Amino acid sequence: MLLKNFIVFEGIDGAGTSTQIKKLCARNSKLLIPTAEPTDRATGRFLRQLLAGDFKLDERTTSYLFAADRCEHIYGEGGVEELLKAGRIVVSDRYFFSSLAYQSATCGKGIPRHVNAPFPLPEVLFYFEINPEVSLKRVESRDGKREIYEKIDYQKKTAALYDEVINEYENNPDGMKVIRVDATKSIDEIADFIYNTLINLNIIR
Ligand code: TYD
């Protein structure tokens, strides 16, 4: 199944997805609604504590928790499904492709695949491509505490799994469009590329 007018940005940490979602949605704030995973709901707040290293859980448990938060994100009150029904275009910073990359890097592919199989595909997936050494430098130059996944070996493993997942979904039978973004380009170049792509796809008119 595919959710029309649902757009997802994916990439390793520091690839620039959050910056681009802000820029895109600022172009028409009534129509384009930004959203993100982990969410700011109770399920997502729990994940933020985990990512901050406040406590440890088995990596398999983590896979289930990201999927539970995703369920809230899509089907919960005021969530993606509701926004789409109200005629909005919803743009999410991460979706289940993150779990297929990040969680597969720690607990293997089985559980992440299994728990994410029921979720609908977005209409468009933008994949931000960048070398993990470069993106981690960007993350390290930010203020604030590091999250548990922001380490080079883990980011490299995640990047390789992301590439695999994106290649696999490129020719999906549901018709989700997979668009690769050169995340090393300037912020404005990337913003124009994304906006023009959505116009060409007739999603933004
Ligand atoms: P991120 O979008 O990087 O948030 P922020 O920039 O605010 O820290 O997401 C936080 C982390 O969560 C990131 O390292 C990726 C990780 N993550 C997973 O491991 N699995 C998932 O399914 C999702 C959605 C995120």
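This is a predicted model: local features need pLDDT of at least 70, side-chain atom pairs count only at pLDDT 80 or more; totals for chains, interfaces and linings use all residues.
Trainee: How many residues surround the ligand, and which are the closest?
Mentor: A residue is counted as near a molecule if one of its heavy atoms lies within 4 Å of it. On that basis the shell holds 14 residues, and the closest are Asp13, Arg70, Arg94, Ser99 and Gln103.

Trainee: How do the residues of this shell divide into nonpolar, polar and charged?
Mentor: Ala, Val, Leu, Ile, Met, Phe, Trp, Tyr, Cys and Pro count as nonpolar, Asp, Glu, Lys and Arg as charged, and the others, Gly among them, as polar. Under this scheme the shell around the ligand has five nonpolar, three polar and six charged residues.

Trainee: Which element supplies the largest share of the shell around the ligand?
Mentor: Helices (H or I, at least four residues) and strands (E, at least two) are DSSP runs, numbered from the N terminus. At least two shell residues come from each of α2 (42-51), α3 (59-75) and α5 (96-102). The largest share, three residues, belongs to α5.

Trainee: At what distance does a polar side-chain atom of Arg94 lie from an oxygen atom of the ligand?
Mentor: A polar contact is a pair of N or O atoms within 3.5 Å; within protein, one must be able to donate a hydrogen and the other to accept it, and residues adjacent in sequence count only if both atoms are side-chain atoms. Asp13 places a polar side-chain atom 2.9 Å from a ligand oxygen, and an N or O atom in the side chain of Arg48 is 3.4 Å from a ligand oxygen. For Arg94, the distance is 2.8 Å.

Trainee: What percentage of the accessible area of the ligand does the protein cover?
Mentor: Accessible areas come from the Shrake-Rupley method with a 1.4 Å probe; for residues, only the protein chains shown count as cover. On its own, the ligand has 550 Å² of accessible area, and the protein covers 87%.

Trainee: Is Arg94 buried or exposed?
Mentor: Arg94 is found in the loop between β3 (89-93) and α5. Although not a glycine, Arg94 has a positive phi of about 85°. Buried means under 20% relative accessible area, exposed over 50%, and partly exposed in between (1.4 Å probe, protein chains only). Because its relative accessibility is 15%, Arg94 counts as buried.

Trainee: Where does Asn202 lie, and what is its relative accessible area?
Mentor: Most residues other than glycine have a negative phi. Asn202, by contrast, has a positive phi near 70°. Asn202 is found in the segment after α10 (187-200), and it is partly exposed, with a relative accessible area of 46%.

Trainee: What is the omega of the peptide bond from Glu37 to Pro38?
Mentor: Most peptide bonds are trans. Pro38 lies in the loop between β2 (32-36) and α2. The bond from Glu37 to Pro38 is cis, with omega near -5°.

Trainee: Which backbone nitrogen does the side chain of Glu123 reach?
Mentor: Glu123 lies in strand β4 (residues 121-129). With a relative accessible area of 6%, Glu123 is buried. At 2.7 Å, its side chain reaches the backbone nitrogen of Asn5.

Trainee: What distance separates the C-alpha atoms of Glu10 and Tyr95?
Mentor: Glu10 lies in strand β1, and at 0% relative accessibility Glu10 counts as buried. Glu10 and Tyr95 are 85 residues apart along the chain, and their C-alpha atoms are separated by 7.4 Å.

Trainee: What distance separates the C-alpha atoms of Asp153 and Pro132?
Mentor: Asp153 lies in helix α9 (residues 152-170), and at 60% relative accessibility it counts as exposed. Asp153 and Pro132 are 21 residues apart along the chain, and the separation of their C-alpha atoms is 9.0 Å.

Definitions and conventions: Residues are numbered from 1 along each chain as its sequence is written. Side-chain values use heavy atoms; hydrogens and water are left out.
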